[in-house]
Amino acid sequence: MALADKTAAELQKLIHTKEMTISEMAEQAFERIEELDSKVDAFLAIDKEGALKQAAQLEDTPLDERGPLFGLPIGVKDNIVTEGIETTASSRILEGFNPIYDATVVEKLKKDGMVIVGKLNMDEFAMGSSNENSYYKNTKNPWNLETVPGGSSGGSAAAVAAGEVPFTLGSDTGGSIRQPAAFCGVVGMKPTYGRVSRFGLIAYASSLDQIGPITRTVKDNALLLNTIAGHDEKDSTSANVEVPDFAAALTGDIQGLRIGVPKEYFAEGVGEAAKQAVRDALKVLEEKGATWEEISLPHSKYALSTYYLIASSEASSNLSRFDGIRYGYRTQKAGNLLEFYMNTRSEGFGDEVKRRIMLGTYALSSGYYDAYYKKAQKVRTLIKQDFDKAFEQYDVIIGPTTPTPAFKIGEKIDDPLTMYANDILTIPVNLAGVPAISVPCGFDNGLPLGLQIIGKYFDEETVYRVADVFEQATDFHKKTPQVWEGAVQ
Amino acid sequence: MAKMTKEEVIEVAHLARLAITDEEAVHFADQLEAITNAMELLNELDTENVEPTTHVLPMVNVLREDKSIPGLDRELVLKNVKEHEAGQIKVPTILD
């Protein structure tokens, strides 16, 4: 029975018609992971025992008590805590860390009957755009094993692209769901800031971080957001707003939709293939009744600097909790308390994490606070206002997700600024806090490209509707990478 | 253009509780200088009358009734502690 190319509805039908049990479906996911992950390296921890136990408990639930994702397997990014499954955020400093509770999103997955198969590789503490900053392994892009899957949710995107699991959760601070989704040819949604609880998400930059779903289709993505969205009293930044049925928003009708296309997203540094794929996509949407106009988001070019100052500052504060005392890695070389802290942290953190902690510490230090941190917060206001103004006239904003497709492993790792530039088109969205999705929209030399659709605050519905119309009118999402050939389906 | 010296990096690393060697300090100085120079782009903008954004959504303090609720079980809390004894976390000797 081929599972890898099936949607949630198709998979569930197999269970409900008793062609397969929930346990058998989980077993098959593990078989495929076992076969493919030696090439892709998407998973850090696999929890076969826990998953099969969970699956067995689900088998007897009456059909009328089952939601649309009931019984289906899912993988979770390794910065989201899972009770009893090792959670490291791909850092040495959390090696062996075994959480004693579930993140709110994980509780919600379990409540809706999803089977958690394991944890996915990422850039250490979600800092990176290639997964090369993981302490444990380099995840490869299933479309070309010599290229990166993107980051920081590279394992989450690669696992879906390889067909190892139909669903994963990622997190997005500056593009960490959308950029790997684009590189791996899958669908990745960063919801509005506050839409999804961050309780149990290991914090990188608290005012930007947001958990979101990665899937093969837009519909499945909307279903998964239905499961994880909602106010949580354990996260004071989660928004107390009504959660609509996102899947019900996929009406197929975008007649009269007004699209803004920022000229800054077609600037120097954005590859011709990415630009052309978006122009083609706009034609598709026009045929479906939408109109588009060129607009300007004039402060876009300041977003990268603003982001690195704000995110690094928040990170330097958030990561101060890792001190080797209560959990995690502990140095063996300590003469006094200060040495204990300093050696633990130096041995436990990788270079990119150290760079950002130092940048943030510098930006927050006395004498530099106004020039760097406060300045960046002010520019953040201007970037947010660009979006507010554009959304007075347009329903969605559309552009490429990334300037180029996936690059070669090792190509950019020694040059932080070049690496950071990957995220120029995704970062403004996090600074403004609005929702955005990446959907497959083309190929460049056999590597996928992503279309980014940005929406108004808490209007994921329109974003999904447009993404679904585009997906239904094209067949990019039906293409599968070479790594599929000959594998257990 | 701000110049980042080895000494400044060592000072910042110390504030961040990171031990670094002289060699690493030189390497990080070059990288952090390039990064902070790129950030100076923001100085093009006049932000005199712009309010800073710390959060994109209106945030209010969330208060709850001042009532005690059971915490986590002690055994469970100690699960990830490297060394512990009699319900207490053990640390290396830190006073000379």
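Ser152(A) is found in the loop between strand 3 (115–120) and helix 5 (154–161) of chain A, where helices (H or I, at least four residues) and strands (E, at least two) are DSSP runs, numbered from the N terminus. The peptide bond that leads from Gly151(A) to Ser152(A) is cis, with omega near 10 degrees. Asp41(A) is not a glycine, although its phi is positive, at about 55 degrees.

The model is predicted, so that local features need pLDDT of at least 70 and side-chain atom pairs count only at pLDDT 80 or more, while totals for chains, interfaces and linings use all residues; side-chain values use heavy atoms, with hydrogens and water left out. Residues are numbered from 1 along each chain as its sequence is written, and chains are lettered from A and ligands numbered from 1 in the order in which they are written. The scores of the model are ipTM 0.94 and pTM 0.97. For chain B the mean pLDDT (the predictor's confidence in each residue, from 0 to 100) is 91, and 98% of the residues of chain B reach 70 or more.

In chain A, eleven strands form an open sheet of mixed pairing, in the order 1-3-2-4-6-5-10-11-9-7-8; two strands pair if DSSP finds at least two bridges between them. Strand 1 (43–46) and strand 8 (291–295) of chain A each have a single partner strand and stand at the edges, so one side of each is left without a neighbour in the sheet. From one strand to the next, the twist averages 30 degrees. Strand 10 (residues 436–444) and strand 11 (residues 447–454) of chain A run antiparallel and are joined by eight bridges. Opposite Phe443(A) stands Pro448(A) in strand 11 of chain A. Helix 12 (residues 369–393) of chain A lies across strand 7 (258–262), strand 8, strand 9 (396–400) and strand 11 of chain A, and runs at about 115 degrees to strand 9. Axes are lines fitted to C-alpha atoms, for helices over the stretch in contact, and angles run from 0 to 180 degrees between N-to-C directions; contact means heavy atoms within 4.5 Å.

Helix 8 (residues 272–287) and helix 15 (residues 460–473) of chain A pack at an angle of about 100 degrees, with their axes 10 Å apart. That makes helix 8 of chain A roughly perpendicular to helix 15 of chain A (under 35 degrees counts as roughly parallel, over 145 as roughly antiparallel, 65 to 115 as roughly perpendicular and the rest as oblique). Helix 8 of chain A contributes Ala281(A), Val284(A) and Leu285(A) to the contact, and helix 15 of chain A contributes Val466(A), Val469(A), Phe470(A) and Ala473(A).

The contact between the chains takes 65 residues from chain A and 53 residues from chain B. About 5,300 Å² is buried between chain A and chain B, and carbon and sulfur atoms give 69% of this area; buried area is the accessible area (1.4 Å probe) that two parts lose on being put together, summed over both. Of the area that chain A buries against chain B, 13% is supplied by Ile100(A), Arg330(A) and Met358(A), more than by any other three residues.
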